[in-house]
Amino acid sequence: MKRFFSILFIILLSLQARAQEPAFDSGEWFKFRIHYGMFTASYATLGVHSATINNKEVYHVKGNGKSTGLLSLFFKVDDTYETYFDKKTGQPYRFIRNIYEGGHTKDIQIEFDHKQQTALVNDKKHKEKSTHTIKPNTQDMVSAFYYLRNNVDTKTLVAGEEVKINMFFDKENFNFKLKFLGREVLKTEFGKVACLKFRPYVQSGRVFKEKESLTVWISDDKNKIPVRLQASLAVGSIKADLEGYKGLKYPFKIIIDK
């Protein structure tokens with residue numbers, strides 16, 4: 001379970017599509033229930049709000065993840081992720097990562113300057129600041145979730161096609177990649193949902209068994225919301241299911257109600 005919420009948000013950021021109209025707006029909110037084996041291990045939420053930063057209209061997205069039940073007794077998790085990104089371009093201006101995972105902590109704030117192609121990293125825990133060069137069209141690990149929802153055409157995706165994006169995380173640039181596996185209908189607690197199925201490529205060894213240990217299902221509608229994430233870990237397996245939502249811009253397309 002260590003660093004799972006970090007991984008969850010990395011995955012969530014990678015799975016969306018280029019719609020003719022924006023796929024989301026202020027007020028959108030998701031809640032996920034995370035299972036470790038047979039047990040509910042934790043919950044995670046993502047919410048979108050309007051804000052102003054540096055005199056620019058932005059979306060402020062805040063994500064939280066907390067352990068629950070027995071897990072919280074022997075491995076407490078309390079993670080917060082935030083991003084502020086431009087409403088028109090989707091470019092992030094600020095990213096915040098404040099996490100507690102079984103005694104492992106981080107408190108990092110990143111300020112992006114896309115004109116200068118730099119990122120100022122403020123490591124508050126260690127009281128260190130550093131400046132790093134970033135690539136064009138760089139996203140942080142949360143803003144990319146929303147950026148890609150508006151910038152990949154899911155109607156033309158074919159099985160085997162790959163989607164790539166530049167990402168800056170902590171103090172490093174990453175070339176994030178995922179493969180489209182095809183379309184599938186999932187049975188959920190909301191009913192049957194037509195989904196797009198993706199395989200993100202991840203680093204093997206530390207948490208996951210191998211590079212292709214993750215599978216993610218995204219609703220095949222105008223919202224393109226994450227419905228399920230499933231992963232094989234170095235020890236055991238884990239699954240995250242959408243449990244609640246509100247403020248969707250479009251109706252959630254359900255094939256058959258419960």
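Predicted model: local features only at pLDDT ≥ 70, side-chain atom pairs only at ≥ 80, totals over all residues.

Me: Salt bridges to start with. How many are there?
Reply: The count comes to 12 salt bridges.

Me: Which residue does Glu243 pair with?
Reply: Glu243 forms a salt bridge with Arg33, and their closest N and O atoms are 3.6 Å apart. That pair ties distant parts of the chain together: Glu243 belongs to strand E14 (residues 237-246) and Arg33 to strand E1 (residues 29-36), 210 residues apart.

Me: And is Arg33 buried, exposed or partly exposed?
Reply: Partly exposed, as the relative accessibility of Arg33 is 27%.

Me: What network is Arg33 part of?
Reply: A network of salt bridges that links Lys31, Arg33 and Glu243. Lys31 also has a ring contact: Lys31 lies over the face of Tyr43, at 4.7 Å from the ring centre.

Me: OK, what about Asp170? Which side chain does it meet?
Reply: Asp170 meets the side chain of Lys106 in a salt bridge, at 2.7 Å from N to O. Here too the pair links distant parts of the chain. Asp170 sits in the loop between strand E9 (162-169) and strand E10 (172-188), while Lys106 is in strand E6 (residues 104-113), 64 residues apart.

Me: How accessible is Asp170?
Reply: Asp170 has a relative accessible area of 12%, so it counts as buried. Lys106 has 25% and is partly exposed.

Me: What does Lys239 pair with?
Reply: Lys239 and Asp241 meet in a salt bridge, 3.9 Å from N to O. Lys239 is partly exposed at 28% relative accessible area, whereas Asp241 is buried at 14%.

Me: Let's switch to rings. How many aromatic pairs does the structure hold?
Reply: The structure holds 15 aromatic pairs. One of them is Tyr81 with Phe95, a tilted pair at 6.4 Å centre to centre with 40° between the planes. Tyr81 is in strand E4 (residues 77-86) and Phe95 in strand E5 (residues 92-101), 14 residues apart.

Me: Are those two buried or exposed?
Reply: Buried: Tyr81 has 0% relative accessibility, and Phe95 has a relative accessible area of 1%.

Me: Why is the Tyr245 and Phe252 pair called edge-to-face?
Reply: Because the planes of the Tyr245 and Phe252 rings are at 90°, with the centres 5.1 Å apart. Planes over 60 degrees apart count as edge-to-face. As for accessibility, Tyr245 is partly exposed at 29%, and Phe252 is buried at 12%.

Me: Which rings are linked into a cluster?
Reply: Ring pairs link Phe24, Phe30, Phe32, Tyr59, Phe85, Phe145 and Tyr146 into a cluster.

Me: And what lies over the face of Tyr84?
Reply: Arg94 does, at 5.7 Å from the ring centre.

Me: Which side chain does Thr83 make a polar contact with?
Reply: The side chain of Asp140, at 2.6 Å. Thr83 is buried, too, with a relative accessible area of 0%.

Me: Last topic, strand E13. Why would you call E13 largely enclosed?
Reply: Because 5 of the 7 residues of strand E13 (residues 226-232) are buried, E13 is largely enclosed by the rest of the structure.

Me: How do E12 and E13 pair?
Reply: Strand E12 (residues 214-219) and E13 pair in the antiparallel sense over 5 bridges. Ile218 has Pro226 in E13 as its bridge partner. E12 and E13 form a hairpin with 6 residues between them, and Lys224 in the turn has a positive phi of about 55°.

Me: What about E13 and E14, how many bridges join them?
Reply: E13 and E14 run antiparallel and are joined by 5 bridges. Gln230 stands opposite Lys239 in E14, and Lys239 is the one that meets Asp241 in a salt bridge.

Note on methods. Residues numbered from 1 in each chain as written. Heavy atoms only, no water. Salt bridge = Lys/Arg side-chain N within 4 Å of Asp/Glu carboxyl O. Helix = DSSP H or I, 4+ residues; strand = E, 2+ residues; numbered from the N terminus. Buried < 20%, exposed > 50% of the residue type's maximum accessible area, 1.4 Å probe, protein only. Phe/Tyr/Trp six-rings, centres within 6.5 Å; stacked < 30°, edge-to-face > 60°. Lys NZ or Arg CZ within 6 Å of the ring centre and 35° of its normal. Pairing = 2+ DSSP bridges. Polar contact = N/O pair within 3.5 Å; in protein donor to acceptor, adjacent residues only side chain to side chain.
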